[in-house]
Amino acid sequence: MKVKPIYIIFLLLAIFATACGSSDTPTAEVPAVETLAVPVNTEVPPGSGDPVWDRVSSAGKIVIGTSADYAPFEYYNDTFQIVGFDAAIARELGALLGLQVELTDFAFEGLNSALQIGQIDAAIAAISITPARQAVVDFTNVYYSGQDSIIARRGSGIEAIVAPAQLASFRVGVQRGSIYENWLQTNLIDTGLMPAANLLAYAKPEHAVTDLEKNRNDLVVMDTQPAKQYLLKDSLELVGQGLNTQLFAIALPKGSTVLQSQLNTALTQMQNDGTIAALTHQYFDINLTESLPVLKPTAVPGPTATPVACHDGAAFVADITIPDGKHMNPGQEFGKNWRLKNTGTCIWDSSYKLVFVQGDLMQGGEKAIKGTVNSNGEYNITVGLKAPNHPGNYGGLWQMVNEHGVPFGERIWVRINVPGQPKPTAVPPQPTAVPPQPTAVPPQPSAIPPLPVQPTLGTDPVINDFKAIPETVKKGDNVLVSWDFTGANLASATLSRMNPDGTLIALFGGDDIPLQGTYDDMMMITGTYTYTLHVAAEFGANAVETILVNVTK
């Protein structure tokens, strides 16, 4: 589980959830457009006494912030929808309360500011309850309890970690802003047991794991559920667990008592009717033999909230260039231009940047703000990119960071398609010249049949390799499908998956796939999956292969 803390320092927002546009060439950056500052939620009609609940109930919609980079709690599926355990909890709550749920992807570090300036009504992102967080946000009842896992390189010789003090002599990687970073800072660094240089904070957990595999750190501490995904690798092993148990709840703006009560009532119903137990089994393969107790966060005396000079925030306004799924030629250079709005109270200057988060970089680089952007001001920012050379669907996520490198706001993306090689233009047949017939034809010897025309070799498609690793997995685990095929004058090459219930899914949106590639798939339903690779040539030749993957409980 993600167990990320909501910090109150340098927290920001950025609303961004699509990538669009219409030009294939870079667009000149438009200077910032400053507008009059408009305070958030200035006019809330009298009602319940809770302005957040009044806004939600009036709109019939609740906006919930999450951080969709932490499977199986929250992540993007093949169709770029936010799914996972937390996402399912949020949607079930909305259904019980008769509210439409709008899930928005934020930098985790920016969720607190998003709550405080009213950009979101609630936050669910494997957020654990801590005294420091309780000083700045309110929490619902607990909906899940998790614990830590400690991962090492296989064969590292590190003995089992059974006490926090054992971590002090190692280089330990954690996700920046996570509860584990705070835990190690408080218990080991602040007490002088661990050198500050031994605690390595990363923007994303996969970055910490990558450095672990490359011997740039010694251990990585994260929650148990996401750790299971990484422990599928033969290069990693579990060396410790259960040193820091966490309680997860939904974070709310301070004083939103009516919204808190409504959500708690719905959570209690979900606990009593088995909904949470069913979702726990679905996403974590954990069987709960009885309904979960209703756990209410206890107010623990902690630090008083430290006033901050301002809150960072950003919101997506419009795509200026490159709509989602726009076709690009292999190697084509283009400029992706977004329009952003400064929804926070901090002024953006040249120390604020748009940076790459994950996905396909496409040779893009970070882009700094030019000039200044005041609160509620708008700004167009362009990143120069280059389409990959191989056919396929590509996408990259980007986000804003402040002068301290702290991410904030809603994440944004660019998505393009590089089609396969175009079909050759049909050339109409040319008439064949008929030689004049001689007037007299002498008798001919017996006709000798012409030699047969030899077929041209190497034109038919050939599937050289098509496999899934592993072919038997447990529910919630990942399968890596890989392929390699060749052929001339290819018309199409598609990859599909038939689910255990018989539904057929065209992977990569049904678009052609490259000659060699891989597809990483998370298996969430038990049963047998069938993957089919179909390669077709222009003149009728086909190559088809299937592989089966069995998913057990």
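1. Cysteine 310 is partly exposed, with a relative accessible area of 28%, whereas cysteine 346 is buried, at 5% (buried means under 20% relative accessible area, exposed over 50%, and partly exposed in between, with a 1.4 Å probe and protein chains only). This is a predicted model, in which local features need pLDDT of at least 70 and side-chain atom pairs count only at pLDDT 80 or more, while totals for chains, interfaces and linings use all residues. Residues are numbered from 1 along each chain as its sequence is written, and side-chain values use heavy atoms, with hydrogens and water left out.

2. Cysteine 310 and cysteine 346 form a disulfide, with their sulfur atoms 1.9 Å apart (a disulfide is a pair of cysteine sulfur atoms within 2.5 Å), and the structure holds one disulfide. The torsion about the S-S bond of cysteine 310 and cysteine 346 is about 100°, so the disulfide is right-handed.

3. Glycine 517 is found in strand 28, residues 516-522 (strands are DSSP runs of E, at least two residues, and helices are runs of H or I, at least four, numbered from the N terminus). Leaving aside neighbours within four places in sequence, glycine 517 is in contact with Val481, Ser482 and Trp483, where contact means heavy atoms within 4.5 Å. The C-alpha atoms of glycine 517 and phenylalanine 466, which lie 51 residues apart along the chain, are separated by 10.0 Å.
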